[in-house]
Amino acid sequence: MELRTSVNDEPRLVHVQGTESLVDVVRGELGLPGTKLVCGSGVCGACTVLVDGEPVLGCLTPATRMREASVTTVEGVADGDDLHPVQRAFAHHDGLQCGYCTPGFVVDAVAFHDRWRAEHGTAEPDRDTIARALAGHLCRCGSYEGIFRAVAAACRGEHDAGAPDQRVERVDAPAKVTGAAVYTTDVTLPGMLHAAIRRSDVAAAVVGPITFPPGVVGVDVLGDDRRVRWAGQPIAVVAAETAAQARRLARELDVPLTPQPFVVDPDEALRPGAPLVYAARADRKEAPSASEGGAMPAPWDGNRHGPSRAPFLGTLAKRRVASARSAGRRGLVELEFRTAPQVHTAFEPHACVADWSDPQHLRVWLSTQGVEAMRQEIADHFDLDPSQVEVTAEHVGGGFGAKLSLTMEAVGAVSLSCLTRRPVRLVLDRHEELTGTGNRPGSRTHVSLLVDDTTQAIRALVVDTDSHAGVAVGNSVAALSMLVYDRTPRLARDVDVVTNAPPGSPFRGPGGPTNAWALEQSVDEAAHRFGRDPIELRAQWDGNPKRQALYRWAHGLPTWQDRPATGSRTGRLRRGVGVAAGNWIYLVDPDCEVVVSVRGGRLTAATASQDMGTGSRTVLARAVAGVFGVDPVTVDVQLGRAHGGTTHGPASGGSRTTVSLWSAAVDAATALRDRVGADLDRVPDGASASARRGGDRGMRPVPVTMNGIQVGRGFSAAVHVSEVEVDTRTGATRVLRVHGGIAVGRIHAPVLARSQCEGSIIQGIGLALFENQVLDPHTGLTLTANLEDYRIPQLGDTPEIDIHFHEEGWERVPGGGVGLGEVATVSPAASIGNAIFNATGWRPLTLPVRPDRLLEGLRTHARGEVTR
């Protein structure tokens, strides 16, 4: 049928079948990709558009609603080149990171702003009003504080046309707030096929040969052993002319399989007679890694891989703990903690468009955290010379560690393009994204912390962690305990408990938040037993001078000074304050190279890296602009493309990106300026200079280089102080305020760095209170496979956040600073756990701290019992 409508003030004639959603038509037939599809179930708000001036959810609204209506998408919000005040405010206050959810936020905020200004003039709406107005929107990066600031400032009239101070903090913000930023999910090519994955609906099976029906183009993607080991595992990939056809073909594909016994519960997996996930030695070698590097060598015993040990006088540590246990020493803290799997949930799903039409040149558009690394991996996988492969990721809608490796959307799309010699597009839906793209593995950690009864010095530390990353191995949660506090005798042992669950993968600060949840609460318990100030006790043990500075800052906070005595509060609503410390390794990519040139009188910085919302474009622009004394927005940055002629750039992971890019860009810009001068009007077009990051003083090359990473001397540091309110009637915990102290040296882009740290706190709140991947124990299928059942923090969960940067201590490092993406994530959840203990006297041992767990904990605490 034909629909007459108006889209962004232009008359349009739209052809629909009658079953399409509005977002399908907007993105498809109308070719307006600024509107994003994320959840598909009306939860996240990314697909919001205005219909006759009212916000509607494009994924739930039938396309027929467009009939004789006026539709406004994010592309139509601005008045030509004149941005709407809300768009200017989002760009100025950095109310975004990856930008994938930003169009929906902007459209709804515009509607709210226009109504508010008409009714209230330039009065400022409070946080609760803004939160209610935008309650249907989610941001996985956690940019809520910037969104609050942006909407409030726009309503105050500070970003009206002609208002002063309209600077842009993030150089790609204008593209993101207008919907012009191109993500892999937005790429379309002439003659493109669409692909879909046939996944297993059983947790374990042996699969026979797959025969594709006549006319169906498909590839079998199972390994040689023909075994399925988790529900949702890819079996085959098929292509068709439309995405709907491809999904139907995948669903109807006849897959001969024989179900096998399986186990998804980690405790059951260790029982005698439990089904073996990897029965043969050869199969065990193929187990995927849950960490950025490969798994450490460790023995296998059934479904148990490990332990891998990290000792420092480990025998002495065990002996001291055993002796203290026998003597019933007050200073021996022994607690067992558990965490549930946390899913990355990047809003841009895993997506790939592959074009192998030319047998000598493979073009791949991929949502990835490492364009250069993926170029090499694709070349290796398909037996190509790397010069034949080109990988592009102009913008990346989040990753958080889940997009660091070559995964099935890329393998499937490239394989089908090879077969058909046509472009092929493969985009996962939200169910797939929440099922099998990785998770922060769940865990069980036993901590034995021995403190001297007189001096309260650490006498021994033993940490044992059983991680359950499904079919994956290689976790190192306990090992991180070797890197903090006094060099007392200690022993860390890590075990992987393998199950028929989806594989885990690196998640910001791999192992760090899990380790801190156990270790930092154990330290807090020791302080409580001896009546010590938890910050002062940490300062007594901690030799890190940067964290010592953060302890002094945190101890002076009014929030900390005014905290109640633990368990002293009564009544329904009880407030408490907790602290936790974080630690992370200094990593750098010494092979990172940046080229700075002049093109048409404009400076250009180029490297084969990418920006997934962490601000790499802005870092490069600011580095070059600082050398030449120009505005960063005047520097063109070429990122997100790797081919035979590009220089090597770092992946976005391990907190190595900014520290690698900054000094290389500064050195290249300085070399160019010294050669041709700073007056760009006199610089010959095409003049260029390049610089390689290289190592620096104090670098410690690791025995095995992983993706070109080197480990530097020293650790970055964090301290988080959180204030919570516990409702003892409903069991709900509300985080009221978080102070985050971060010591990473010089901050190259302060506003963006602050946004990263605020987002880390939001993700820490999710880990502490909400997030939990749940599997059906009878089938192994993922039950939390949509954003209604898998709960992430929203605007209304956002506390007041205060970020403090300590910028001293890294002067020896080129650029004067190191990465913060990991260290900022380590301690927020643990600080919330300690705050709950301070508020109630009951210590939460299991994540997430759901209301039912908290209420049961309070009941058993009142009876003098201990619960998890």
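R229 pairs with D225 in a salt bridge, with the closest N and O atoms 3.0 Å apart; the term stands for a side-chain nitrogen of Lys or Arg within 4 Å of a carboxyl oxygen of Asp or Glu. R229 counts as buried at 11% relative accessibility, while D225 is partly exposed at 31%. Here buried means under 20% relative accessible area, exposed over 50%, and partly exposed in between, using a 1.4 Å probe and protein chains only.

A quick word on the model: it's a predicted one, where local features need pLDDT of at least 70, side-chain atom pairs count only at pLDDT 80 or more, and totals for chains, interfaces and linings use all residues. Residues are numbered from 1 along each chain as its sequence is written, and side-chain values use heavy atoms, with hydrogens and water left out.

E856 and R859 also meet in a salt bridge, at 2.9 Å from N to O. Both sit in helix α23 (residues 851-862), 3 residues apart, so about one helical turn separates them. Helices are DSSP runs of H or I with at least four residues, strands are E runs of at least two, and both are numbered from the N terminus. E856 is partly exposed at 34%, and R859 is partly exposed too, at 44%.

E758 makes a salt bridge to R149, the closest N and O atoms being 3.3 Å apart. E758 belongs to helix α20 (residues 750-770) and R149 to helix α5 (residues 144-155), so this pair ties together parts 609 residues apart in sequence. E758 is buried, at 2% relative accessibility, whereas R149 is partly exposed at 32%.

There's also a salt-bridge network linking D267, E336, R338, R444 and D466. The overall count is 51 salt bridges.

## Helix α15

Helix α15 spans residues 534-541, and its buried residues are P534, I535, L537, R538 and W541. They cover an arc of only 160° around the axis, so they lie on the same side of α15; that arc is taken over the directions from the helix axis to the C-beta atoms.

At the start of α15, a side-chain oxygen of D533 comes within 2.8 Å of the backbone nitrogen of I535.

## D727 in strand β31

D727 is part of strand β31 (residues 710-727) and counts as buried, at 11% relative accessibility. Its side chain reaches the backbone nitrogen of T730 at 3.2 Å. Setting aside neighbours within four places in sequence, D727 is in contact (heavy atoms within 4.5 Å) with R572, L573 and A732.

Note on methods
A polar contact is a pair of N or O atoms within 3.5 Å; within protein, one must be able to donate a hydrogen and the other to accept it, and residues adjacent in sequence count only if both atoms are side-chain atoms.
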